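Here is a short report on charged pairs and helix packing. Look at the sequence and structure first, then read on.

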Amino acid sequence: MRRAHTELASVEQLLESSMQEENSPARPFSVRLAGYVASVLLVSLTGLLAAPAGMFAAGGVGTAIDYWDKLPSEIPLDVALPQHTVLLDKNGKEFARFFSENRIDVKLTDISPTFTDALLATEDARFYTNGPIDFIGTVRATINNARSSQAQGASGITQQLVKNLLVAQSGETALPSRDLGTKLQELKYAAGLEKKLSKDQILEMYSNTVYFGNGAYGIQAAAKVYFDTTSKDLTRAQGATLAGILKGPALYDPFTNPDGARDRRDTALSRLKVTGKITEAEASAAAAEPLGIKKGTLANGCASSTYPYYCSLVRDEILTDPAFGATAEARAEKLSRGGMTLTTALDPEAMAATQNAVTGALGNDNRAALATAVIKPGTGQIAAIAQNRTWGNGPGQTEMLYAKSPFQVGSSMKPITLATALEQGIPATTRFNADSPYTSPTLDSPQGGFINYGNISWGTVDAHRAIQLSLNIYFIRLIERTGVLPVADMAARLGITSLPRTGPNAIKGQEASLTLGAYEVSPLEMANAYAVFAGDGVACRPVAVTAGTRADTGAKIAVPNPDCHQAIAPAVAHTVADVLKMPFAGPDGTLSQMGGLPGREAGAKTGTTNDFAANWIVGLVPQYATAVWLGDPRGGTQYPLNMVHAYGRDYHNLTGSEVAGPVWKDIMTHLTAGLPAVPLPKADDVATSSSTARTVPDVRGLSVSEAATLLLQNNLTPDIAEKTADPNPLLAKDVVTAQTPAAGSTFSYREKVTITLSQGSDTTIKLPEQK
């Protein structure tokens, strides 16, 4: 042991003698680096540090430098440190944020020099003149760690930044390393970092990375947590306080040890005076100030959001949409690490209208619940959701998002059966006998048959009258004609994904009750499906997030794709929308007593499930589609709507027109206030009959112009393949040789058909477009 201490003393003498050389500006960095590596090698040879086996061969300094040269020099900087994810409404106003670590990156120009001066004075006074490595401090710490059981760190700003980055990227706890190999790797990273970044960039990154205690990562979060201010507005005393905390965030915590924090602040002020950054009078004045701690907090998560349920919707989207990661683990990591600013479709005015409507009808402590969802047709954008509940997990509170929860939808499913019929060439003028009761000869029927509301017979009617009166028998007869599975397929094309298509409870084709809404669908899916009728047949995935940027670079990031596409022919959508006006018409329309929207056309369909388990209304104008569900979230069958207190009175055996209907009208009246009164489209039975699904025509052998004309006449979109066909001397130029999809295939409205032309053809020719 005496020999070991003698050798350590020799190393210390080497370091002392090298101090003056290190401070000499004429000393090249490469010389100092080689001297440092040689010094570490000397220490390692004492046997007091456990170098990894095989680190150095028995060859001396040359071998050590070879080992150094082989170490990687670039620490990954593309792995973002955990930061905040900020949610903005459509107007750019923040309404929520998430973070696992309270860190907000700021530019160096947005950090008060009162902090950076104090930081350098206390942590690395020679930062701007040194190379990447504090040689003396590092090797002194290495010697101390060899002598003592208490690990010691003595690194410059660049070395500390490397350690912080490695710790943040690995998720481990920051501790000074006692392993020589790890220490050398950190030093090599520091050298590489100084080669890649300027001193200002390193100081900025360090200031945004370092931990200040109390959950505050980086100077911006620390300024907020300890002084409820920003990094730019820190006073001299505040900057010195925060620089002092870094020596030991737990030890000098101003909340638990204000005297210790004040002493560290005064030490930092003293160092500022010694380094000439402030005068003695300025140091004395700052030291005379009270500590002035003022705890500040930042909202984190949905509980503290202005719109907690919409916030929950966005959170679910981040965790489930592939735009935020290919796997569930990757998406969870994305949310945890944050660093995103996400703009959403949230419309504050629409949110206010929906929330006021549901709260005004039932209050927030009613046993019955209301849930609404508002979609902008043709975009998939979720403008608003609301429910009459308080966010939380206490009594009378919930964190369940009713807008995304499936419930039986009742007669609001009937328009989807109508759309299926129209596409099959069965016009809305088709008449069926709607007398009640009725037992289907081909599909499953309940005991005693299907009945209309009140078991009333209405004789022979068409779809307009059947929607106006919500006649069950008409739509049972209609689904007999269309088939059950095509209606389920139509629902899927309109965006309803919750119907069971596989498994033991899958729809097999005999379930006539599908058209009466016996299956469960969420308000969000229903609003989105009706948006197709309001949006010329264009279906989109419902999305909350519409744009996103990285917080550190401002670069755009991928966001959910609404995948808007032509799902049904415009004529089909227009006819359904036109028929949906009927419930407001005449003295016996299901919504005639409620009345339509002031000064504009609207379409809507109510729904009442068996035994009053739930009420619905889903309706539309060209600018919005809105769904409203009313029920007891504990279970509609067990807790039916046979008595509900709403609007200051008791309602018995509720139907969709009594409470859900007025809520929908209230919402839509406020949503459309100030918007142009665009009329709904008119029905066109001839167009729907001629635009139903047919087979793709055979265009092979036709000229380009002939093929394009024929495809357009069949509501298909021609597209020319970039590559021409193989040589064929029998074919002239500009002739179609192949097509995809193949001739005879069934097609969707305006589906693209790619045609391959003969060799030598002009593949850049501009084709006519759909009118």
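This is a predicted model: local features need pLDDT of at least 70, side-chain atom pairs count only at pLDDT 80 or more; totals for chains, interfaces and linings use all residues.

Glu-333 is partly exposed, at 40% relative accessibility.

Both residues sit in helix H14 (residues 328–337). They are four residues apart, which means a separation of about one helical turn.

## A pair across the chain

Lys-682 and Glu-601 also meet in a salt bridge, at 3.7 Å from N to O. This pair links distant parts of the chain, 81 residues apart. Lys-682 lies in the loop between helices H22 and H23. Glu-601 lies in the loop between helix H21 and strand E17.

Lys-682 is exposed, with 55% relative accessibility. Glu-601 is partly exposed, with 28%.

## A buried pair and the total

Arg-103 and Glu-101 form a salt bridge at 2.9 Å, N to O. Both residues are buried. The structure holds 22 salt bridges.

## Two helices in contact

Helix H9 (residues 219–227) and helix H10 (residues 236–245) have axes that come within 11 Å. The axes cross at roughly 110°, so H9 is roughly perpendicular to H10. H9 contributes Ile-219, Ala-222, Ala-223, Tyr-226 and Phe-227 to the contact. H10 contributes Gln-238, Thr-241, Leu-242 and Ile-245. Of these residues, seven are nonpolar, two are polar and none is charged.

Technical notes:
Residues are numbered from 1 along each chain as its sequence is written. Side-chain values use heavy atoms; hydrogens and water are left out. Axes are lines fitted to C-alpha atoms, for helices over the stretch in contact, and angles run from 0 to 180 degrees between N-to-C directions. Angles under 35 degrees count as roughly parallel, over 145 as roughly antiparallel, 65 to 115 as roughly perpendicular and the rest as oblique. Contact means heavy atoms within 4.5 Å. Ala, Val, Leu, Ile, Met, Phe, Trp, Tyr, Cys and Pro count as nonpolar, Asp, Glu, Lys and Arg as charged, and the others, Gly among them, as polar. A salt bridge is a side-chain nitrogen of Lys or Arg within 4 Å of a carboxyl oxygen of Asp or Glu. Buried means under 20% relative accessible area, exposed over 50%, partly exposed in between (1.4 Å probe, protein chains only).
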